[in-house]
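Hi everyone, thanks for coming along. I'd like to walk you through one structure today, so please have a look at it with me.

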Amino acid sequence: MSARQILAFLSGVAGLGATIAATVSNEWRATSRASSVITATWVLQGLWNNCAGNAIGALHCRPHHTILQLEGYIQACRGLMIAAVCLGFFGSIFALVGMKCTKIGGTDKRKARIACFAGANFILSGLCSLSACSLYAHRITSEFFDPMFVAQKYELGAALFIGWGGSVLCILGGSILCFSIGESFSESHSQANYIYRGAASQSHISSYPRGQAKSINQRPPPDYSNSSRIQHFDKNAYV
């Protein structure tokens, strides 16, 4: 069980790292080479910056100048990704406390509840990241395949795939942590039954008064008095 919890913790932390990398990345979408006249330059856009690069290797980025004039889906993706990072961070902290291999957190039942709570945080983090990346990708694909859209068309950036991978890892690690609470309770219940049965058998043995507990195979000592009387009678008869 400890190995599963360690695996779930590593999966959740890896998903958190991928979520952070996708959040700060500037490659949420890139210009489509098919619709671009000049293929030696390209434009990258992220949640925080707009970047322009060329074939020489120069890359110039500038942040979004305003928040209120941003499109609604970008603001929604920002909020979802920030929530995913925060939930993943708290999930990793609670997972450290709730794992059985650590010495903090209290009893096994309490640690199991903490581990389950950490798993719920990881699952919510993965769902937030998955929703943000899917919303952004839906906007890109809808504009790309719309024949009436005449502005610059974009393609899916690398940050979206990183975010999707991180969300899958978070959901997987959180699910393993949530399922571990059932195994912990079953193990503690079986141990309690074993202790109860041992105590009951010990009390049953000690319930006999001292000096009265007899074994089944114990036999009374032989009485030699009758045999000696018989032999004495036989001698008198002969005399």
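Let's start with the record: which residues does UniProt list for "transmembrane region"? The entry, which is unreviewed, gives residues 80–102, 114–137 and 157–181. Keep in mind that what you see is a predicted model.

How do two of those spans look in the model? Residues 114–137 are 100% helix and 0% strand, with end C-alpha atoms 35 Å apart. For residues 80–102, the figures are 83% helix and 0% strand, and the end C-alpha atoms lie 31 Å apart.

Along the sequence they run α-β-β-β-β-α-α-β-α-α. Of contacts between residues at least 6 apart in sequence, 67% join residues at least 24 apart.

Now for the inside. The largest nonpolar core has 15 residues, and those touching the most other members are W28, L47, I74, C77, M81, Y136 and L160. Helix 2 (72–98), helix 3 (108–144) and helix 4 (158–205) each bring at least two residues to this core, and helix 3 gives the most, with 5.

Take M81 as an example: leaving aside residues up to four places away in sequence, M81 touches T19, A22, T23, W28, L47, S129 and A132. There is also a second, separate core of 7 residues, including A8, A95, A118 and L177.

Thanks, everyone!

Conventions: Residues numbered from 1 in each chain as written. Predicted model: local features only at pLDDT ≥ 70, side-chain atom pairs only at ≥ 80, totals over all residues. Heavy atoms only, no water. UniProt positions renumbered as here; feature names shortened; annotations may be inferred. Helix = DSSP H or I, 4+ residues; strand = E, 2+ residues; numbered from the N terminus. Core = buried A, V, L, I, M, F, W, Y, C linked by side-chain atoms within 4.5 Å. Buried < 20%, exposed > 50% of the residue type's maximum accessible area, 1.4 Å probe, protein only. Contact = heavy atoms within 4.5 Å.
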